[in-house]
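Load the model in your viewer and keep a selection panel at hand.

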Amino acid sequence: QASVAPAAQSVGQQSILCFCAPRDDGGVGSIVTFLAWTLGVAALTWTICARCSSKSSDASEDHFIAARALKWYIVAGSLMLTNLSTEQLVGLNGNIFADGCLAGVWWEAGAALAMLITATIVLPRYMTLGLATTSGFLGKRYDSAVRTLVAAVFLVYYVLVLNPTVLYTGALAIRTIFDLDIVPLWVISTVIGLLGAVYALAGGLRAVAISDSLNALGLLAFGLWVPIAALCTLPGGISTLFEDPNVLRSFVATSQVYSEETGSRSWKEPSVPWHVMITGLALSNMYYWSTNQVIVQRVLAAESLAQGQKGVVFAATMKVFGFSFLCMPGLIAIIFVKHGVTINGQVFEVETADQVYPQLVKAVMPTWSLGCFSAVLLGSVLSTFNSALNSAATLFGLEMYKAFVHPEASSRAVVRVSTTFGACAALLSFLIAPQLANVKTIFAWLQQANTVVSVPILTVFVVGILTSLPDAFAAKIGFAVAVVFSIAGQFVPGIHYLHIFFICFCFGVLSMLAVTHVKPLRRLLRGEVPLVPYVDATTDAMVDLSTWAYLPWVVTAILIVLAALVWALQVGESSLFYTFVAMWLATALTLLVLPSRPRTRQTTATTIKAADHVAGPAPDNGIDVLPVARAENGHVYDPGLPRLLGRNTGGVPCEVGGAASPIDKASGPSSPTVATSVKRPKPLHMGASHCTARHGQTIRSGVVDSPLPQLRTQFAPLSAEALRAQRRWAPDGVPALVYSSWAR
């Protein structure tokens, strides 16, 4: 599903987005609205990045993972748009029309299951290790060789396959929308690529994620507009959908499949029969949502585990309803053809399945809206391209250059080198994209490449996450076996490609388990014996690891809504479908208002009087970890985050941001009691620019300004290793920041 989820083998190279040119009376307006939307998103993205986003002093962390500061709604919006592009809108709707039923809905609704697994199982493992790349997990779990191997495979796939394909399909879309046949395809693809490269290389992940979220709002609005406008043209409205329950079913073995050669339908196996949904399709979704760097990178950039989990879960909720604009137009087209619907004096006809979506848009959308619609589609193209380009630059900078070429390189040097690599990768994509016009069946070719890439990667990830004993030697054997079987499977006729995916995955997993547990075989292959079980490190986390408080309840609600969708489609009853819509709407609205706070826990604080002097135990390096709390008028004051803790020098205030009080190392803490109420004073500011310090942000050397004019404290940072060793977790799970010296 690597960003081209359905990838119907029946969809050819000319199927991308064959929109007819806007009519003369609205062409100028379409171009104006197109430019207005595109430039507006760019301007708003720049404004938010420049003025409203927190930044890290670590250049690589700021560029590659947005300083780990993304809120849940940015994560959700970026996930949604990165996953969507023109080939998915056209390809999946074309699949639905060709299948004659909603079997393909599981590319969307089924993805929600993989996303829930990511939020509950996979994401906590990644964030516990403080990762910036998914391949980094393999380095922790196995060794650097496996990590580098997978990172290299990702790099090659993004640069040589995914990015050129996205540019090619996007260029076809723009050229056909605005009737630019006289303009060479390579010119359009290069312009699109340059625009995407600006986001990815100059703005980093922050600019990519913010622009994705803005375009996601437009895609949601225009995407829903198409099926709603189409249903309004039917005499019976939405009730017409339920006249033939067979076209609504999603679990089918055979259906009325459309033949482009004869223009008729006959009973055949659809593109996604029910038996592949529980095998290869489920695994394909797991690869895409749990291991693919392009997708997971924006989740790793969340400011906390709770924020990341809520973002993924909200995106999963939207995927459950995503069939409304990724599948429903294809279904409506079936009804249009069956009833001989006439629009603007012309009978709606479809010659090839790939023409369904563009023809439906042309038929039901106002001419003036095509500009905005095209801009939103361009945004989806840019989202996939710049996300893949940013991920490629991230992998090269952190997994190649920093790991092997220059381990001592500064963060700014890593960003500079990765940006140069990203520029070269973009240029290579510009050269490859026009050549795809010579590929007869671009989506079939892409699906084959995706299978060869994703099966071995998924194999080592799944075994690494679910088990603790298989080591790097077993991972290399499993990876090699999966690659061999994946390549061989492309030459086996008569087997669905998703079954081939599943079979190759099983062989890869079995080979890893055999090499691990069959000792004679392991000795024969010269593997090390005995094996040491792997245990995740617990001191590498960079953000709050507290689980989102409402995660179990929301996951349960989404599963119930998904079951309601399956039931409604299989039965084909309008009342059940309306019930599903109501349940989904209630779940989505509830998610919007639920706070993203972590799971509640009992907060214990030291109750002291205003004149008390409190100091914590001194670690081996002489740094006193001081409780950052004080009592006044019966309330326990929490000065907020970050928590500045330092060396006991005598007479130095124990708080920055609260009332100044001296520290006495000899005095001990009072008995702990449960704080009944907590108040937070004004936020801490640092430096002359008075940038508000963020949760968990590492403040480098500089000057801290307190709201109290009499307090001005300079500090020097500890090394990264010392910070990691001395991290102290506050009651709410946020790491305190420890510094090496304090002075008046």
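## Whole chain

Of the contacts in the protein between residues at least 6 apart in sequence, 79% join residues at least 24 apart, where contact means heavy atoms within 4.5 Å. This is a predicted model, in which local features need pLDDT of at least 70, side-chain atom pairs count only at pLDDT 80 or more, and totals for chains, interfaces and linings use all residues. Residues are numbered from 1 along each chain as its sequence is written, and side-chain values use heavy atoms, with hydrogens and water left out.

Colour by secondary structure: the protein has 24 helices and 15 strands. Both are DSSP runs numbered from the N terminus, helices being H or I with at least four residues and strands E with at least two. Next, colour by accessibility. Of the 744 residues in the protein, 58% are buried; buried means under 20% relative accessible area, exposed over 50%, and partly exposed in between, with a 1.4 Å probe and protein chains only.

## Stop 1

Select Ile65, in helix α2 (residues 59-65). Ile65 has a relative accessible area of 2%, so it is buried. What is Ile65 in contact with, leaving aside its neighbours within four places in sequence? Show Ser60, Ala132, Leu205, Gln297 and Ala301.

Move on to the loop between α2 and α3 and select Ala67. Ala67 is not a glycine, yet has a positive phi of about 60°. Arg68 lies in the loop between α2 and α3 as well, and its phi, near 50°, is also positive in a residue other than glycine. Are these residues buried or exposed? Ala67 is buried at a relative accessible area of 11%, and Arg68 is buried at 10%.

## Stop 2: α3 against α11

Two packed helices are described by the angle between their axes and the distance between the axes. Select helix α3 (residues 72-83) and helix α11 (residues 293-300), which pack at about 170° with axes 9 Å apart. The axes are lines fitted to C-alpha atoms, for helices over the stretch in contact, and angles run from 0 to 180 degrees between N-to-C directions. The pair is therefore roughly antiparallel, the term for angles over 145 degrees.

Show side chains for Val75, Ser78, Leu79 and Thr82 of α3, and for Val294, Ile295, Arg298 and Val299 of α11, which make the contact. These residues divide into five nonpolar, two polar and one charged. Here Ala, Val, Leu, Ile, Met, Phe, Trp, Tyr, Cys and Pro count as nonpolar, Asp, Glu, Lys and Arg as charged, and the others, Gly among them, as polar.

## Stop 3: α10 against α20

Now select helix α10 (residues 280-291) and helix α20 (residues 497-517), whose axes come within 7 Å and cross at roughly 70°. That makes α10 roughly perpendicular to α20, a term covering 65 to 115 degrees. Gly280, Leu281, Leu283 and Ser284 in α10 meet Leu498, Phe501, Phe502 and Phe505 in α20. The contact holds six nonpolar residues, two polar and no charged.

## Stop 4: α19

Finish on helix α19, residues 472-489. Its 18 residues reach 25 Å from first C-alpha to last, close to the expected 26 Å, which is 1.5 Å times one less than the number of residues. Select Ala472, Ala474, Ala475, Gly478, Phe479, Ala482, Ser486 and Gly489, which are buried. They lie on the same side of α19 because they cover an arc of only 145° around the axis, taken from the directions from the helix axis to the C-beta atoms.

Note on methods: Parallel < 35°, antiparallel > 145°, perpendicular 65-115°, else oblique.
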